[in-house]
Amino acid sequence: MARSRTIIVAGAGIGGLTAALALIRAGFRVVVIEQAERLEETGAGIQLSPNATGILINLGAGEHLKRGAVAPEAIRVTRAASAREIVRIPLGREAELRYGAPYWVVHRADLQAGLIEALEGTSDFVLRLGSKVEDYAVHAHGITVMARAGAASIEEHGIALVGADGLWSTLRGKLGDRAPPQFRNRTAWRALVAADRIPPHARESATVLWLGRDAHLVHYPVKGGAMINLVAIVSDEQRVKGWSAAGRRADVVARFSTWHKDARALIAAPQTWQRWSLYDRPLPHPWGAGPVTLLGDAAHPMLPFLAQGGAMAIEDAAVLAACLARHSEDPPAGLRLYEGLRRRRTARAQGHARRNGRVYHFKAPAAFARDLALKAMGGNRLLRRYDWLYDWRP
Ligand SMILES: Cc1cc2nc3c(=O)[nH]c(=O)nc-3n(C[C@H](O)[C@H](O)[C@H](O)COP(=O)(O)OP(=O)(O)OC[C@H]3O[C@@H](n4cnc5c(N)ncnc54)[C@H](O)[C@@H]3O)c2cc1C
């Protein structure tokens with residue numbers, strides 16, 4: 001009997017869909033099981049650094065993504081009280097030449113659509129929506145995955161199971177790691193607004209980072225510049241129940257009332273906001289066992305202050321596919337190789353994200369020292385400090 005070449009992926013987020021694409025390109029058949037009834041991404045943007053875009057382009061998703069993506073010219077770091085620029089880190093052509101792939105900002109729905117479009121037309125891709133993975137059983141020929149679809153139970157058989165089921169991963173618990181994600185006393189307020197509804201200064205082709213006391217604000221254009229994505233992060237003791245919730249516009253406006261008028265004008269522009277409590281969680285022990293592994297936020301959720309959670313999931317996908325292709329006769333060996341290759345880098349990204357979260361929210365006098373140090377270093381040297389992150393190939 002021919003050996004199965006089916007890999008089952010739990011979760012159709014950025015990680016699960018990229019894993020499906022990478023695995024299919026490596027010669028596998030992939031069944032993705034997703035609990036949501038429809039594929040619907042959060043109404044928000046995402047920054048995709050060159051370590052991620054290079055992979056997406058190589059997988060054939062670049063053309064689809066290019067349509068809505070913006071390649072910002074720079075990351076501009078600005079003081080919240082005065083709107084004065086602290087430093088300008090060059091991106092655009094300079095980053096593309098340096099890292100061999102562009103730095104893009106995109107709407108999450110465009111990223112998802114790009115991945116789906118790249119997957120369409122291959123008979124090796126099966127998507128089961130409205131089905132929640134509950135358990136699995138390992139046997140001599142591979143693995144059987146059990147999922148619930150409404151009142152019905154379904155089973156899928158394959159040679160390996162990839163848990164790309166996000167921060168609150170069921171499969172991480174099944175592997176024995178039951179410590180819950182940790183709330184990090186930060187809330188992200190997110191909104192999207194039409195570019196013609198905000199002041200012209202905020203429509204530039206840049207990722208702008210405003211630093212204030214106990215809060216920071218990030219904005220960048222998406223949808224080819226037609227919309228602006230806003231993320232306002234505040235120190236917060238209160239967590240939103242569940243994962244995200246509608247936020248009251250008046251609350252976020254009040255929280256930023258002492259900021260420079262340009263920032264306040266931006267915060268006042270959107271009519272609706274979503275609130276996200278921010279969590280992370282140490283790397284799993286074990287990361288996988290037998291024919292089961294974890295990928296993306298299920299394995300290494302991180303705070304968004306390095307803009308790398310999605311990028312790390314995309315990197316995971318590329319490394320996973322290469323390792324499984326190399327050990328196609330022994331999938332567990334491929335999975336252990338993958339886990340070993342990913343541990344150090346993802347832990348490093350998690351640590352940097354946490355540190356940025358502290359540094360961004362400094363109060364005086366530490367904030368003055370931070371700003372002086374950033375200015376003294378200058379944009380080019382700051383960019384080079386991220387070489388370890390952006391200059392990476394699977
Ligand atoms: C405010 C904010 C800003 C961010 N900005 C950036 C950024 O600029 N750049 C960047 O790279 N990253 C960013 N991130 C991080 C990024 O969003 C995440 O790291 C990324 O979405 C993780 O993808 P994932 O596929 O691993 O998990 P998810 O996107 O959470 O996907 C998991 C999927 O699994 C499904 N699922 C869950 N349980 C089951 C089950 N039992 N059975 C079947 N399906 C299941 C879920 O429905 C979901 O579709 C940001 C995060 C936040 C909160």
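Mentor: Some ground rules. This is a predicted model, where local features need pLDDT of at least 70, side-chain atom pairs count only at pLDDT 80 or more, and totals for chains, interfaces and linings use all residues. Residues are numbered from 1 along each chain as its sequence is written, and side-chain values use heavy atoms, leaving out hydrogens and water.

Trainee: How do I read two packed helices?

Mentor: Two packed helices are described by the angle between their axes and the distance between the axes. Axes are lines fitted to C-alpha atoms, for helices over the stretch in contact, and angles run from 0 to 180 degrees between N-to-C directions. Helices are DSSP runs (H or I, at least four residues), strands are E runs of at least two, and both are numbered from the N terminus.

Trainee: At what angle do the axes of α1 and α9 cross?

Mentor: Helix α1 (residues 14-25) and helix α9 (residues 309-326) cross at roughly 30°, and their axes come within 8 Å. That makes α1 roughly parallel to α9. The class is set by angle: under 35 degrees is roughly parallel, over 145 roughly antiparallel, 65 to 115 roughly perpendicular, and the rest oblique. The crossing of α1 and α9 is right-handed (the near helix is turned clockwise from the far one by less than a right angle; anticlockwise is left-handed).

Trainee: Which residues make the contact between α1 and α9?

Mentor: Contact means heavy atoms within 4.5 Å. From α1 come Ile-14, Gly-15, Thr-18, Ala-19, Ala-22 and Leu-23. The α9 side includes Gly-310, Ala-313, Ala-317 and Ala-321. By class, the contact of α1 with α9 has eleven nonpolar, three polar and no charged residues. Here Ala, Val, Leu, Ile, Met, Phe, Trp, Tyr, Cys and Pro count as nonpolar, Asp, Glu, Lys and Arg as charged, and the others, Gly among them, as polar.

Trainee: How many residues of α1 are buried?

Mentor: Buried means under 20% relative accessible area, exposed over 50%, and partly exposed in between (1.4 Å probe, protein chains only). Eleven of the twelve residues of α1 are buried, so α1 is largely enclosed by the rest of the structure. Among them are Gly-16, Leu-17 and Ile-24. After α1 comes Gly-27, with a positive phi near 105°.

Trainee: What is the angle between α2 and α9?

Mentor: Helix α2 (residues 50-58) packs on α9 at about 45°, with the axes 9 Å apart. That makes α2 oblique to α9. Their crossing is left-handed. Asn-51, Ala-52, Ile-55 and Leu-56 of α2 meet Ala-311, Met-312, Ile-314, Glu-315 and Ala-318 of α9. This contact of α2 with α9 has seven nonpolar, one polar and one charged residues.

Trainee: Is Gln-112 buried or exposed?

Mentor: Gln-112 is buried, at 11% relative accessible area. Gln-112 lies in helix α5 (residues 108-119). Leaving aside residues up to four places away in sequence, Gln-112 touches Ala-12, Leu-17, Leu-39, Glu-40 and Glu-41.

Trainee: Now the backbone. Where is Ala-83?

Mentor: Ala-83 lies in the loop between β4 (74-79) and β5 (85-90). Ala-83 is not a glycine, yet its phi is positive, about 65°. Ala-307, also not a glycine, has a positive phi of about 55°, and is found in the loop between β18 and α9.

Trainee: Which residues does a cis peptide bond join, with omega about -5°?

Mentor: His-285 and Pro-286. Pro-286 is in the loop between β17 (273-280) and β18 (292-294). The bond from Ala-364 to Pro-365 is cis too, with omega near 0°.
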